Amino acid sequence: MKIRKFHHMKMDYFENRRSCRNFTNTSISDETLYDIVRKAMRAPTCGNMQLYSVIVTKDSENLSALANFHFNQPASTTAPVILTICADFNRFTRWCEINNADAGFDNFHSFITALTDAVIFAQQIVTVAEMEGYGSCYLGTVNYNAKEISEFLQLPDLVVPVAALSIGVAQNEGEKVERLEPEAVLHFEKYRKDGDDKIIELHKIKDEFEPNKAFVKENRKENIAQVISEIRYPRSMNEKVSESFLKLLKEKKFFN
């Protein structure tokens, strides 16, 4: 079989991509968004069901309200567009019911399926938008206020927000952050059981990254692992968000 090579793609994009957290006030037309989404919809999807929807927020008042749910981080307050990507089994279930088909998708397995479709779709939007010259940033806060976002966007049963993206013309290139080497995540045949020394070695790049050193000093911790697990994402917060999100899944009929 002949391997397809897409020579027109900017392969160095993948080596150099970075998130943009500050945008100019340049608007993005509906036509451009339509084109980006159309291309992103070629992404892989379970059974070709395309179990996702995307809510486009461009109105200034709605952007301001939505930014509040994202803790008013710069990536949410300066972007001309916020896209909320939803795991969506509502549309497909309704289609099945209209066609007298037994739609058994009100369960956790179906949520995982729709979640997978939605996050793949979201990343495809990022890639398409950035390769066409726009900046983007994931708003990881979507899970923290999923219920509030769901109510604000008037999401029906079997529709849950799982990702949010800011998109616009970047004000600057953004910062390139550290990444682990492929050895850290790449396992052949079976999961490799690394010893403590190896684990430390694999994460050395995080310990030596200058901004991380500053965070350690600023937070008066011993290392960046403590900053991440005890300051940024503490156990109490993780448990609270988990409880809230599971409750939302039940309300949206993904849990019986």
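## Conventions and overall make-up

A polar contact is here a pair of N or O atoms within 3.5 Å, where within protein one atom must be able to donate a hydrogen and the other to accept it, and where residues adjacent in sequence count only if both atoms are side-chain atoms. The structure is a predicted model, in which local features need pLDDT of at least 70 and side-chain atom pairs count only at pLDDT 80 or more, while totals for chains, interfaces and linings use all residues. Residues are numbered from 1 along each chain as its sequence is written, and side-chain values use heavy atoms, with hydrogens and water left out.

The protein contains 13 helices and four strands, these being DSSP runs numbered from the N terminus (H or I and at least four residues for helices, E and at least two for strands). Its C-alpha trace spans about 60 × 50 × 40 Å along the principal axes. Of the 256 residues, 35% are buried, where buried means under 20% relative accessible area, exposed over 50%, and partly exposed in between (1.4 Å probe, protein chains only). Among contacts (heavy atoms within 4.5 Å) between residues at least 6 apart in sequence, 79% join residues at least 24 apart.

## Nonpolar cores

A nonpolar core is a set of buried Ala, Val, Leu, Ile, Met, Phe, Trp, Tyr and Cys residues joined through side-chain atoms within 4.5 Å. The largest such core has 38 residues, and those with the most contacts inside it are I85, F89, F111, I125 and V160. At least two residues of this core come from each of α2 (30-40), β2 (81-88), α5 (90-98), α6 (108-131), β4 (159-168) and α13 (235-251), and α6 gives the most, with nine residues.

With residues up to four places away in sequence not counted, I125 touches I36, A40, L83, I85, L165 and I167. A second, separate core of 14 residues includes F69, V142, L155 and V159.

L249 belongs to helix α13 and is buried, with a relative accessible area of 1%. Apart from neighbours within four places in sequence, L249 is in contact with F108, F111, V160, F254 and F255. Its C-alpha atom is 9.9 Å from that of D106, although L249 and D106 are 143 residues apart in sequence.

F254 lies in the segment after α13 and is buried, with a relative accessible area of 0%. Leaving aside its neighbours within four places in sequence, F254 is in contact with residues including F89, F105, D106, F111, V159, V160 and L249.

S53 is part of strand β1 (residues 52-57) and counts as buried, at 19% relative accessibility. Its side chain makes a polar contact of 3.1 Å with the side chain of R91. Residues up to four places away in sequence aside, S53 touches T84, I85, C86, D88 and R91.

D194, by contrast, is placed in the loop between α8 (182-185) and α9 (196-202) and is partly exposed, with a relative accessible area of 24%. A polar contact of 2.7 Å joins its side chain to that of R192, and, with residues up to four places away in sequence not counted, D194 touches I199 and L202. The C-alpha atoms of D194 and F254 are 37 Å apart, the two residues being 60 apart along the chain.

## Pockets

Pockets are found on a 1 Å grid over the protein atoms alone, as open sets of points where a 1.4 Å probe fits, with protein on both sides within 12 Å along at least five of seven lines; lining residues have an atom within 4 Å of a point. Grid points are joined across faces, edges and corners, and a volume is the space filled by probe spheres set on the points. The largest pocket has a volume of about 1500 Å³, and of the 40 residues that line it, S19, R21, V177, R232 and Y233 are the closest to its centre. α12 gives the largest share of this lining, five residues. The lining divides into 17 nonpolar, eleven polar and twelve charged residues, with Ala, Val, Leu, Ile, Met, Phe, Trp, Tyr, Cys and Pro counted as nonpolar, Asp, Glu, Lys and Arg as charged, and the others, Gly among them, as polar.

The second largest pocket holds about 390 Å³ of space. Of its 15 lining residues, Y13, R17, R18, E130 and Y134 lie nearest its centre, and α1, α6 and β3 each supply at least two residues of the lining.
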